[in-house]
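Student: I have a new structure open and would like to go through it with you before I set anything up. Can we start with the terms and then move to the details?

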Number of protein chains: 2
Amino acid sequence: MTRFALTVEFDGRPFMGWQRQDHGPSVQQAIEDAAFAVTGERTAVHAAGRTDAGVHGAAMRAHLDIEKPITAFRLSEALNARLRPNPVAILACEEVPGDWHARFSCIGRAYEYRIVNRRAPLTWEKGLAWQVAQPLDAAAMHQAAQLLIGRHDFTTFRSAHCQSASPLKSLDVLNVTRSGHRIAVVAEARSFLHHQVRSMVGCLALVGLGRWSIEDMGDALAAADRARLGLNAPPDGLFFMHARYPE
Amino acid sequence: MTRFALTVEFDGRPFMGWQRQDHGPSVQQAIEDAAFAVTGERTAVHAAGRTDAGVHGAAMRAHLDIEKPITAFRLSEALNARLRPNPVAILACEEVPGDWHARFSCIGRAYEYRIVNRRAPLTWEKGLAWQVAQPLDAAAMHQAAQLLIGRHDFTTFRSAHCQSASPLKSLDVLNVTRSGHRIAVVAEARSFLHHQVRSMVGCLALVGLGRWSIEDMGDALAAADRARLGLNAPPDGLFFMHARYPE
């Protein structure tokens, strides 16, 4: 048996999310079905993170175990051939030790949230960014974001369905930058609560619109109360960018 | 009567091209139909350039004349509302003098051609870039591109359907840059022949693959013979980026 680590790009639009669901297509199922078509083995694919319906992956990391002798290159090529026409691509594939785990070995996760700040509707980016028609003050958003850095109880920014044992998380990076009409929010942490990035971005947008002061963001965090959430940003603009592992 | 200049973004995937066609949807028709819905007037929309089926516009410039009194802001908002669900967006709209012409006043056009150089298929960029699986040498492509700069007979890089009076064109910029798996080819000129950018990019790709030497590119240009064209790149990766006007 060989364990393979995968780097996966996927367009989240047609999927119910990463995780296998009874009621619709998932990225996990697409890869597991492709692996079955290639090897005849029913194998589970484990990812660094679960993503919601409509959220995208630029370089999700995952692993699976295969009994059949096959090289990483052949497996990667065969998976990509069998994944068609799903918008899921294996960007990289490598053999890893049997105790390497895409989720449990992961020591850092990075997301990017993409906002297009203009009145005109989206064309080719529809479903790939959040269009906000009113002007956003990205500098104020960045200032408010810095209040969230560090170890906090993120209950305000946590979905009611979150399965994490604790609402305490350490947020390492939350940077807001503007380039023309585009605003990018980059978030990095060891791990995130369910909906945490979208909830933080939603509240940052309220600051950017001038509806929340920077102090309101600090108050919302301190309240540790989901009822204080201002806005949950739509999944469209969210991309899982990177997973970090020891060495 | 007021003349309005438009800046238009469009996803070329569902269209037969910019220009109105009998046999399928066009960007021009989508905007003309939206203008009719807004004003009750049948007006022609003129663009800085015509684009082929599947080619995209990041900031195409166009103009139209409207009899009905309406502000540029209201026209822009109303066109965007009526353009749905077409992937066409009016990014900017302004009143211009009656002798301003999107095509005939234009003194510079810029295109960008996007290549994703990797084995894995495209996901959310499908139809928005050209995937080339074999490694491309972008530095060699850039070097070969410089042979095309200046005033030349571009017959080799010209479609058989080109309606231009002369195959002589002056190419100002043809830059090839790589960033990770992405290669961008930027082309700037006063005007281009039909298929010129795609034909130049196709031949540059042959150089990048090592199938053509840099000298082969010079020879193909000097031959001024369409039969010497190595490859016409697909429309997917081509974006009309910018049109320049006096002042």
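Tutor: Contact here means heavy atoms within 4.5 Å, and domain bounds come from an automatic or database domain assignment. This is a predicted model, in which local features need pLDDT of at least 70, side-chain atom pairs count only at pLDDT 80 or more, and totals for chains, interfaces and linings use all residues, while side-chain values use heavy atoms, with hydrogens and water left out. Residues are numbered from 1 along each chain as its sequence is written, and chains are lettered from A and ligands numbered from 1 in the order in which they are written.

Student: OK, which domains does chain A get?

Tutor: The assignment gives chain A a domain 1 at 2-96 and a domain 2 at 108-244, and the C-alpha centres of these two domains lie 27 Å apart. In chain A, 15 residues of domain 1 are in contact with 17 residues of domain 2.

Student: And how much area do those two domains of chain A bury between them?

Tutor: Domain 1 and domain 2 of chain A bury about 1,200 Å² between them, with 52% of it on carbon and sulfur atoms; buried area is the accessible area (1.4 Å probe) that two parts lose on being put together, summed over both. On the domain 1 side, A:Arg13, A:Asp52 and A:His56 lose the most area to domain 2 of chain A, and together they make up 39% of what that side buries.

Student: Which residue does UniProt list for "active site", then?

Tutor: The unreviewed UniProt entry lists A:Asp52 under "active site"; positions from UniProt are given in the numbering used here, feature names are shortened, and annotations may be inferred rather than shown by experiment.

Student: Where is A:Asp52 placed, and what does A:Asp52 touch?

Tutor: A:Asp52 is placed in the loop between strand 2 (46-47) and strand 3 (56-66) of chain A, where helices (H or I, at least four residues) and strands (E, at least two) are DSSP runs, numbered from the N terminus. Leaving out residues up to four places away in sequence, A:Asp52 touches A:Met16, A:Gly17, A:His194, A:His195 and A:Arg198.

Student: Then which peptide bonds are cis?

Tutor: A cis peptide bond joins A:Arg84 and A:Pro85, with omega about 0°, and A:Pro85 is found in the loop between helix 2 and strand 4 of chain A. In chain B, the peptide bond from B:Arg84 to B:Pro85 is cis, with omega near 0°.

Student: Switching to the contact between chain A and chain B, how many residues does each chain give?

Tutor: Chain A gives 24 residues and chain B gives 24 residues, and the area buried between chain A and chain B is about 1,900 Å², of which carbon and sulfur atoms give 62%. In chain A, A:Glu9, A:Thr123 and A:Trp124 lose the most area to chain B, together 36% of what that side buries.

Student: And how many salt bridges are there between chain A and chain B?

Tutor: Four salt bridges are counted between chain A and chain B; A:Arg118 forms a salt bridge with B:Glu9, with the closest N and O atoms 2.9 Å apart.

Technical notes:
Salt bridge = Lys/Arg side-chain N within 4 Å of Asp/Glu carboxyl O.
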